[in-house]
2 protein chains.
Amino acid sequence: MITLNVDLGARSYPVLIGTGLLAQAEHYPPAVSRGRCLIVTNDVVAPLYLARVQQALGADRHEALVLADGEAHKTLDTANHIYDRLLQARFGRDCALVALGGGVIGDLTGFAAATYQRGVDFIQIPTTLLAQVDSSVGGKTGVNHPLGKNMIGAFHQPRAVIADTDCLKTLPAREFAAGLAEVIKYGLLGDAPFFDWLEQNMDALLQHGDKFLAEAIRRSCANKARIVALDERESGPRALLNLGHSFGHAIETTLGYGVWLHGEAVAAGICMAADLSRRLGWLTPTEQNRIVRLMERAGLPTRLPPHVSAQQLLEAMALDKKVTAGHLRLVLLKGIGGAVVTKDFSAAQLNATLAHYCREGKA
Amino acid sequence: MITLNVDLGARSYPVLIGTGLLAQAEHYPPAVSRGRCLIVTNDVVAPLYLARVQQALGADRHEALVLADGEAHKTLDTANHIYDRLLQARFGRDCALVALGGGVIGDLTGFAAATYQRGVDFIQIPTTLLAQVDSSVGGKTGVNHPLGKNMIGAFHQPRAVIADTDCLKTLPAREFAAGLAEVIKYGLLGDAPFFDWLEQNMDALLQHGDKFLAEAIRRSCANKARIVALDERESGPRALLNLGHSFGHAIETTLGYGVWLHGEAVAAGICMAADLSRRLGWLTPTEQNRIVRLMERAGLPTRLPPHVSAQQLLEAMALDKKVTAGHLRLVLLKGIGGAVVTKDFSAAQLNATLAHYCREGKA
């Protein structure tokens with residue numbers, strides 16, 4: 001087992017990474033193992049892992065709430081079901097919530113924990129690669145609103161994250177690949193040696209080699225934790241984490257949410273950011289090719305579907321919440337491992353990238 | 001104008017106290033006067049004060065949402081109406097919410113501000129005495145759930161509080177008196193000279209003397225701010241603020257919410273806490289009489305209605321969320337100005353106080 005400490009002063013917490021962890025009682029922090037807790041999970045994850053978590057926690061101190069799977073249930077209404085259950089069971093301020101599932105369960109359960117009686121403890125047991133490397137570090141919690149994703153939320157740090165790599169072995173290949181997009185992102189944005197390591201070990205990762213999975217998760221979380229520690233409330237450096245996301249969100253909006261997985265859109269978005277960076281002279285053609293090649297090896301899309309137009313993408317980007325006061329800011333690359341937040345590009349240069357990807361997609 | 005600074009490090013903010021403040025643009029912090037903001041108020045307060053706030057803020061930068069008055073609307077559904085409006089108007093993370101009203105509007109708007117896009121700025125313009133001396137300091141925000149009051153919420157500090165004492169002149173006498181119960185509480189729990197000052201100046205307060213109102217508000221807020229600064233997340237000393245509240249909540253539960261105002265129940269609850277403290281030898285009969293007399297002069301109840309039984313109160317107290325692990329803890333008085341959180345009393349002593357108040361009420 002690897003332990004990574006996320007250093008946030010009084011809100012610091014450990015990320016435990018390894019095989020079989022969720023069934024081992026000793027890894028649960030005292031807040032969970034001593035008090036009463038509510039396990040929140042969904043109907044896909046519950047048959048696979050709920051019994052093991054319940055056994056580890058002991059039968060008498062917890063309850064479980066099994067929700068329907070899917071982003072459609074990441075709503076204020078579902079959060080209210082969690083409050084209902086907590087209040088019906090007379091859970092006090094000393095209770096803890098356990099999020100067992102992917103990003104939706106983590107965000108939703110974290111939000112309920114942030115707002116139940118003005119904040120109770122929670123721990124994350126992320127069961128997807130995306131949640132293990134991304135959602136579980138950073139303290140972002142929230143639910144969707146009909147008018148926008150993640151529009152209702154709070155910052156609330158978990159007491160611990162238990163990343164059991166065995167869970168990844170039951171994950172559909174496409175979801176595993178989507179998680180790899182974020183892993184590759186962490187190499188690109190600030191850790192060139194990790195990008196090299198990923199090039200060397202992508203095959204081992206795709207074969208679910210335990211020690212390779214653990215190392216990829218540790219290094220991704222460490223990179224994210226370093227940036228979050230600089231900027232817990234997201235006013236500055238944390239914007240670097242959005243590498244590939246402005247393009248990616250525009251792709252998701254244009255295709256319709258759910259057509260591509262988030263990680264798939266991010267992968268293509270990172271390729272677009274690399275293309276624009278190369279046009280600006282910040283990235284060599286060789287570096288750009290290394291990025292595209294690694295995404296391809298991970299099984300991720302590096303081009304857009306033929307019907308996506310440059311105009312659609314541009315409009316979707318202009319609506320993105322990361323547009324500050326009318327100026328489009330993007331995360332671009334000054335070399336592999338050197339991400340910057342910038343508006344130092346012309347409309348013509350951005351349009352060249354959009355046209356290239358949309359033409360290329362249609363060729 | 002008096003300015004009191006609530007010292008919470010990076011989350012420090014000023015409480016401005018004086019006459020006519022809400023109509024004066026210069027008192028609004030830059031977060032509100034420069035960016036876009038949403039004023040949230042209710043249909044009782046809006047006809048009295050909304051136009052003045054809108055004029056101070058300038059017409060082009062704000063919107064207003066007028067809700068129905070009353071605790072019944074302090075719900076997650078109403079919070080969702082605020083999110084709807086913010087999203088329909090495309091308000092970004094740089095917006096601010098302005099809470100114009102009493103405690104319900106403050107708690108609800110503060111909760112929406114705490115959770116919209118993971119937290120945006122808000123300012124409070126409390127229009128009741130209770131909200132000016134109590135709800136506006138401490139950072140508690142929240143809404144009710146059908147199974148419990150204030151069960152959903154967050155800690156979120158305002159950027160500023162504008163306490164305009166002119167608002168108190170339109171307040172019904174009963175609501176003004178209910179606010180005085182909390183003012184008296186601040187003298188009792190840690191500021192004996194303030195209690196003396198209240199005895200000397202109660203008549204001037206009841207006549208709405210501007211400088212007396214401002215001083216009573218300043219001193220109450222300063223006392224609350226001192227305690228909150230020690231204990232922002234409510235794990236220790238902040239419990240002292242609950243003087244009179246365990247008895248008070250039991251009275252409210254027994255009578256049914258809304259029969260007595262919260263401040264009225266707190267006034268009678270403080271008298272009960274004083275009675276128990278005197279039985280323990282911690283308060284002299286003279287001190288107890290001073291407390292009861294001051295509550296009476298403020299127009300507050302110091303006895304219980306005849307139909308309330310000791311058994312009902314005891315059951316309601318046992319359900320209170322301030323009961324930690326089965327032990328009833330109460331805030332009691334070791335002299336005027338010397339509140340303590342304690343379980344150092346016997347069941348027989350507590351029952352004597354309950355029996356006295358319930359007998360006395362029936363006499």
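A residue is called buried if 20 or more other C-beta atoms lie within 10 Å of its own, exposed if 12 or fewer, and partly exposed in between, with C-beta atoms placed from the backbone. Helices (H or I, at least four residues) and strands (E, at least two) are DSSP runs, numbered from the N terminus.

E10(A) pairs with strand E11 (residues 339-342) of chain A in the antiparallel sense, over four bridges; two strands pair if DSSP finds at least two bridges between them. A:Leu333 has A:Ala339 of E11(A) as its bridge partner. The two strands form a hairpin with five residues between them, and A:Gly335 in the turn has a positive phi of about 85°.

## Numbering and confidence

Residues are numbered from 1 along each chain as its sequence is written, while chains are lettered from A and ligands numbered from 1 in the order in which they are written. Because the model is predicted, local features need pLDDT of at least 70 and side-chain atom pairs count only at pLDDT 80 or more, whereas totals for chains, interfaces and linings use all residues.

## The seven-stranded sheet of chain A

In chain A, seven strands form an open sheet in the order E1-E2-E9-E6-E5-E3-E4, with mixed pairing. Strand E1 (2-6) and strand E4 (62-67) stand at the edges with a single partner strand each, so one side of each is left without a neighbour in the sheet. Neighbouring strands are turned by 15° against each other on average, direction ignored; axes are lines fitted to C-alpha atoms, for helices over the stretch in contact, and angles run from 0 to 180 degrees between N-to-C directions.

Within this sheet, strand E5 (residues 96-101) and strand E6 (residues 121-126) of chain A run parallel and are joined by six bridges. A:Gly101 stands opposite A:Pro126 in E6(A). Helix H3 of chain A packs on the sheet, touching strand E3 (37-42) and E4 of chain A, and its direction makes about 155° with that of E4(A). Helix H8 (residues 210-230) of chain A also packs on the sheet; H8(A) touches E1, strand E2 (13-18) and strand E9 (160-164) of chain A, and its direction makes about 10° with that of E1(A).

## Strand E3 of chain B

Six of the six residues of strand E3 (residues 37-42) of chain B are buried, so this strand is largely enclosed by the rest of the structure. Both of its faces are covered, by B:Cys37, B:Ile39 and B:Thr41 on one side and by B:Leu38, B:Val40 and B:Asn42 on the other. In a regular strand the side chains alternate between the two faces of the sheet.

E3(B) pairs in the parallel sense with strand E4 (residues 62-67) of chain B over six bridges, and B:Leu67 in E4(B) is the bridge partner of B:Asn42. E3(B) also pairs in the parallel sense with strand E5 (residues 96-101) of chain B, over four bridges; there B:Ala96 is the bridge partner of B:Cys37. Together with helix H2 (residues 46-57) of chain B, E3(B) and E4(B) make a right-handed β-α-β unit. A crossover is right-handed if, with the strands pointing away from the viewer, the path from the first strand over the helix to the second runs clockwise.

## Helix H9 of chain A

Helix H9 (residues 245-255) of chain A is mostly covered, nine of its eleven residues being buried. Among them are A:His245, A:Phe247, A:His249, A:Ile251 and A:Glu252. A:Gly256 follows H9(A) and has a positive phi, near 95°.

## B:Thr141 and its surroundings

B:Thr141 lies in strand E7 (residues 140-145) of chain B and counts as buried because 29 C-beta neighbours lie inside 10 Å. Its C-alpha atom is separated by 7.4 Å from that of B:Gly106, 35 residues apart along the chain. Not counting residues up to four places away in sequence, B:Thr141 touches B:Asp107, B:Gly110, B:Phe111, B:Ala114, B:Gly153, B:Ala154 and B:His156; two residues are in contact if their C-beta atoms, placed from the backbone, lie within 7 Å.

## The contact between the chains

In chain A, 23 residues are in contact with 23 residues of chain B. Helix H3 (76-88), helix H4 (103-115), strand E7 (140-145) and strand E8 (148-155) of chain A each supply at least two residues of the side that touches chain B. E8(A) gives the most, with six residues.
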